[in-house]
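Dear colleague,

Please find below the structure that I am handing over to you. The findings follow directly after it.

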Amino acid sequence: MKSPVHRCRDVEHGRGQGTGGAGTTCLQAEQRIPISKDVITSSAASAMWFIRDACGIVCAVITWMLVLYAEFVVLFVMLLPSKNLMYSIVNGTLFNILAFLALASHLRAMCTDPGAVPKGNATKEYIESLQLKPGQVVYKCPKCCSIKPDRAHHCSVCKRCIRKMDHHCPWVNNCVGENNQKYFVLFTMYIALISLHCLVMVVFHFLYCFEDDWTKCSSFSPPATVILLILLCFEGLLFLIFTSVMFGTQVHSICTDETGIERLKGETGKWGKVPCREAMQMAFGGPFSLSWCSPFAGLSCTRSPAEHTPLPQGDIIEEDVIEIPFT
């Protein structure tokens with residue numbers, strides 16, 4: 001993999017301490033290989049992940065409250081008072097399944113490590129333990145003092161470097177990264193589906209109430225019924241548009257092997273991109289199957305136990321760019 005040109009300039013600017021035959025001349029691009037994400041692993045991947053951010057926690061609680069509000073209106077305003085038992089059973093079952101999957105996806109997106117790089121591992125001892133080849137370049141994040149693999153970015157909210165970070169989403173109180181993008185995609189998909197389902201049921205309920213007596217089509221008073229339905233309609237329309245756009249954006253990012261932050265910073269085309277089908281399989285954990293739609297199916301590319309070994313101790317290095325010297 002060829003390293004980006006701007007990284008070559010950064011090293012050339014900060015190299016005064018190069019040793020061996022490297023001198024002060026910038027190495028050829030094919031010799032300058034940024035450290036891979038496969039070399040740097042998270043030692044805390046099995047631990048519980050939760051971001052203590054007030055704004056994110058509030059947004060996550062609001063998300064659950066909005067889903068529960070829709071649940072209340074659908075069940076107690078539209079389905080239970082309905083005279084058509086089969087209509088109520090079918091729509092109630094479908095809505096509750098979609099709502100359950102949406103909340104489960106939200107929970108997994110929020111509590112899954114998005115791909116955080118181990119914090120404070122930028123030590124000389126740890127770099128030596130990586131057994132890198134001469135000419136390879138190691139980048140240190142000055143904010144979290146971690147060795148950054150290629151395509152990792154620092155999140156100011158999570159206070160960690162995240163592999164293949166797309167963006168930080170306050171609605172799931174977490175970054176969307178390499179390990180939890182599937183759950184975020186499922187969350188947006190299921191929210192869009194229940195929003196569309198709500199809108200369809202609201203339209204049918206309004207038509208039913210217009211043809212019948214308003215006092216008989218709901219257990220609430222007509223003014224309260226209208227207000228509840230209008231609020232649900234507004235909520236469903238708003239979230240249908242928002243989550244549909246987010247779903248399409250995420251699928252496009254996966255297929256193009258290009259995260260949102262990479263597109264924003266103009267870092268596209270600086271790595272070997274994989275085909276759309278392979279990228280989808282990597283994000284969703286294997287070949288296409290029903291497990292793609294399940295927030296409970298674990299990814300097939302699980303971390304090996306060797307990745308949970310303690311990181312070597314030592315003092316944090318001062319340089320932000322370290323090049324393995326030639327001997």
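D257 is buried, with a relative accessible area of 5%, where buried means under 20%. This residue sits in the loop that runs between α6 (222-255) and α7 (260-265). Its phi is positive, at about 50°, although D257 is not a glycine. Please note that the model is a predicted one.

A positive phi also occurs at C145, again a residue other than glycine, where the angle is near 55°. C145 belongs to the loop between β1 (137-140) and β2 (147-148). With a relative accessibility of 23%, C145 counts as partly exposed.

Turning to the helices, α5 and α6 pack with their axes 7 Å apart and at an angle of about 150°. Their crossing is left-handed. The residues of this contact comprise 20 nonpolar and eight polar ones, with no charged residue among them.

Helix α5 spans residues 181-211 and contains H197. H197 has a relative accessibility of 10% and therefore counts as buried. Setting aside neighbours within four places in sequence, the contacts of H197 are N91, L94 and F95.

The aromatic residues deserve a separate paragraph. Across the whole structure, the search finds six aromatic pairs. Because F72 lies in helix α2 (residues 54-79) and F220 in the loop between α5 and α6, the pair ties together parts that are 148 residues apart in sequence. F72 is partly exposed, at a relative accessible area of 31%, and F220 likewise counts as partly exposed, at 28% relative accessibility.

A further pair consists of F288 and W292: the ring centres are 5.1 Å apart and the planes stand at 85°, so this pair is edge-to-face. How does the exposure of its two members read, buried or exposed? F288 counts as exposed, at 65% relative accessibility, whereas W292 counts as buried, at 12%.

Finally, F72 and F220 are also part of a cluster: ring pairs link these two residues and F76.

Yours sincerely

Notes. Residues numbered from 1 in each chain as written. Predicted model: local features only at pLDDT ≥ 70, side-chain atom pairs only at ≥ 80, totals over all residues. Heavy atoms only, no water. Helix = DSSP H or I, 4+ residues; strand = E, 2+ residues; numbered from the N terminus. Buried < 20%, exposed > 50% of the residue type's maximum accessible area, 1.4 Å probe, protein only. Contact = heavy atoms within 4.5 Å. Axes fitted to C-alpha atoms, helices over the stretch in contact; angles between N-to-C directions. Left-handed = near helix turned anticlockwise from the far one by under 90°. Nonpolar A, V, L, I, M, F, W, Y, C, P; charged D, E, K, R; others polar. Phe/Tyr/Trp six-rings, centres within 6.5 Å; stacked < 30°, edge-to-face > 60°.
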